[in-house]
Amino acid sequence: HYPENFAAQILAVLHDTIEDGPSQGNITEEELRQTIRGSITDPRDLERIEIALDVMTHDKAVQPNYEDYLERVFSNQLATIVKISDLIHNLSHNHSERQILKYKTALQNVPIPGYVAQSQLDELMKILG
């Protein structure tokens with residue numbers, strides 16, 4: 001949906017890193033952040049990606065309400081377009097009715113910003129029914 005958006009592509013690869021990385025291996029969150037900082041050479045891209053990554057990292061202990069989390073994500077354009085792609089991906093593979101209901105309800109209460117590509121919205125709505 002955004003083939004020229006380098007920052008979105010990098011964020012799509014990294015979006016679960018901070019959330020899941022430390023629990024999956026022998027690396028701390030700070031070590032992960034240092035690796036990310038050392039891998040992105042354009043300071044403008046790095047800043048945009050780090051901000052969006054922080055917005056997308058969901059700590060359920062801090063923000064248990066999914067709609068509150070989604071509102072935070074939708075406050076950042078880069079995080080929004082990656083999150084919508086993530087929802088499409090997650091729901092395209094063995095989704096449950098519970099997931100469909102969770103996302104459908106959340107999206108009825110937290111409107112998707114207008115800058116999201118119509119093709120991306122159409123794909124998500126097709127899955128959600």
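Two aromatic rings count as a pair here if their centres lie within 6.5 Å, and ring pairs of this kind link Y66, Y69 and Y103 into a cluster. All the views below come from a predicted model.

**View 1. A cluster of three tyrosines, Y66, Y69 and Y103, linked by ring pairs.** Search the whole structure and you get two aromatic pairs. One of them joins Y66 to Y69, with 5.6 Å from centre to centre and 50° between the planes, which makes the pair tilted. These two tyrosines both sit in helix 5, three residues apart, or about one turn of the helix. Y66 is buried, at 12% relative accessible area, and Y69 is buried too, at 2%.

**View 2. Y66 meets Y103 across two helices.** Here the ring centres are 5.6 Å apart and the planes stand at 55°, so this pair is tilted. Because Y66 belongs to helix 5 and Y103 to helix 7, the pair ties together parts of the chain that are 37 residues apart in sequence. Y66 and Y103 are both buried.

**View 3. Helix 5 against helix 6.** Two packed helices are described by the angle between their axes and the distance between the axes. For helix 5 (residues 66-73) and helix 6 (residues 77-91), the axes come within 8 Å and cross at roughly 130°. The two helices are therefore oblique to each other. On the helix 5 side, the contact is made by Y66, Y69, L70 and V73, and on the helix 6 side by A79, T80, K83 and L87. Sorted by class, that contact holds six nonpolar residues, one polar and one charged. Both tyrosines of the Y66–Y69 pair, then, have a part in this contact.

**View 4. The largest nonpolar core, with 37 residues.** In soluble globular proteins, nonpolar side chains tend to be buried together. In this core, the residues with the most contacts inside it are F74, L78, I84, L107, I112 and L124. At least two core residues come from each of helix 1 (6-14), helix 3 (29-39), helix 4 (43-56), helix 5, helix 6, helix 7 (97-109) and helix 8 (118-128). Helix 6 gives the most, with eight residues.

**View 5. A close look at I84 and what it touches.** I84 is one of the core residues with the most contacts inside the core. Leaving out residues up to four places away in sequence, I84 touches F74, I112, V116, Q120 and L124.

Methods
Residues numbered from 1 in each chain as written. Predicted model: local features only at pLDDT ≥ 70, side-chain atom pairs only at ≥ 80, totals over all residues. Heavy atoms only, no water. Axes fitted to C-alpha atoms, helices over the stretch in contact; angles between N-to-C directions. Helix = DSSP H or I, 4+ residues; strand = E, 2+ residues; numbered from the N terminus. Parallel < 35°, antiparallel > 145°, perpendicular 65-115°, else oblique. Contact = heavy atoms within 4.5 Å. Nonpolar A, V, L, I, M, F, W, Y, C, P; charged D, E, K, R; others polar. Core = buried A, V, L, I, M, F, W, Y, C linked by side-chain atoms within 4.5 Å. Buried < 20%, exposed > 50% of the residue type's maximum accessible area, 1.4 Å probe, protein only. Phe/Tyr/Trp six-rings, centres within 6.5 Å; stacked < 30°, edge-to-face > 60°.
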